[in-house]
Amino acid sequence: MSALAVIVLVIVAVLVGVALGYWATPQRRRSRRTAPTAVRRILLPFTGQAISRRSFEAAVRLAKAENAVIMPAFLASVPMNLPLDTALPAQCGRGMPLLEAIEQRATAQGVPVDSRVSRGRSSRDALRKLIEQEHFDRIIVSADEDPHSGLSYEDLRWMLERVPAEIMILRPAPEDTRRISLEAVGGHF
C-alpha cells in the first residue's frame, strides 16, 4: 500500500468514528426516548361564566410539559321541556365568550387549543356525552365552593368512579379568588 492510501484510510476511519460518536452519544439516545411522541389531550370543562385561574394555569403547565392540547369544553344544560338539539342563545351568550377567552390566553402562551361545546340534560350528562365521543388523557376540573357555579361534588365523585382518564380536581385556597371571566378582563378577551 502506498502512503497516500494509508492516509486516506486513516482519515476515513477517523471521520466514521466521529460520526458514530456523534450519533450514538448517551444524551442523544436519552433525548430520543424522552421526546414526546403522541399529542396528549387535556380536557378543561366548565359550566358558567368563570373558571378558576389555578385550573387554567395547571392545564397550561401540563400541556407545555407533555406536548398536549388543551380542550376547554363548555357544558351546556338543556331543559327537559326542550329538544336536546335546540338553540341555547342565553347559555351560549354566557359560555362562548369564556371559551374564546380561554382559547386566546392558552394560544398566547404557545399551547394548542381545540375547544368543544357539549350539551346534555345536566352538566354531568353533557360531560358524559363528551367523554363518550372523545378521548382525553387528563381532565382538570375546578372544585368550587358554590355548587351552582360549576360541577357539583356528586358530579366530581361520578367522574372519579366512571371516567377512564387521569383526573385532577383543583380547589383553590379560600382566599384565592382569581378567576378567568369576562368581568376579570373588563369584558374583553
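**Exercise 1. Salt bridges**

Count the salt bridges, then work out the partners of aspartate 125.

*Solution.* This is a predicted model. The structure holds 10 salt bridges.
- Step 1: Aspartate 125 pairs with arginine 128, with 2.5 Å between the closest N and O atoms.
- Step 2: These two residues are 3 residues apart in helix H5, so about one helical turn separates them.
- Step 3: Aspartate 125 also meets lysine 129 in a salt bridge, at 3.7 Å from N to O. Here the spacing in H5 is 4 residues, again about one helical turn.
- Step 4: Aspartate 125 has a relative accessible area of 14%; it is buried because the cut-off is under 20%. Arginine 128, at 30%, is partly exposed. Lysine 129, at 21%, is partly exposed.

**Exercise 2. A bridge between strands**

Find what glutamate 166 pairs with, and which elements the pair ties together.

*Solution.* 
- Step 1: The partner of glutamate 166 is arginine 138, the closest N and O atoms being 2.5 Å apart.
- Step 2: Glutamate 166 sits in strand E6 and arginine 138 in strand E5, so the bridge ties together parts 28 residues apart in sequence.
- Step 3: Shared partners join Arg40, Glu66, Arg138 and Glu166 into one network of salt bridges.

Definitions and conventions:
Residues numbered from 1 in each chain as written. Predicted model: local features only at pLDDT ≥ 70, side-chain atom pairs only at ≥ 80, totals over all residues. Heavy atoms only, no water. Salt bridge = Lys/Arg side-chain N within 4 Å of Asp/Glu carboxyl O. Buried < 20%, exposed > 50% of the residue type's maximum accessible area, 1.4 Å probe, protein only.
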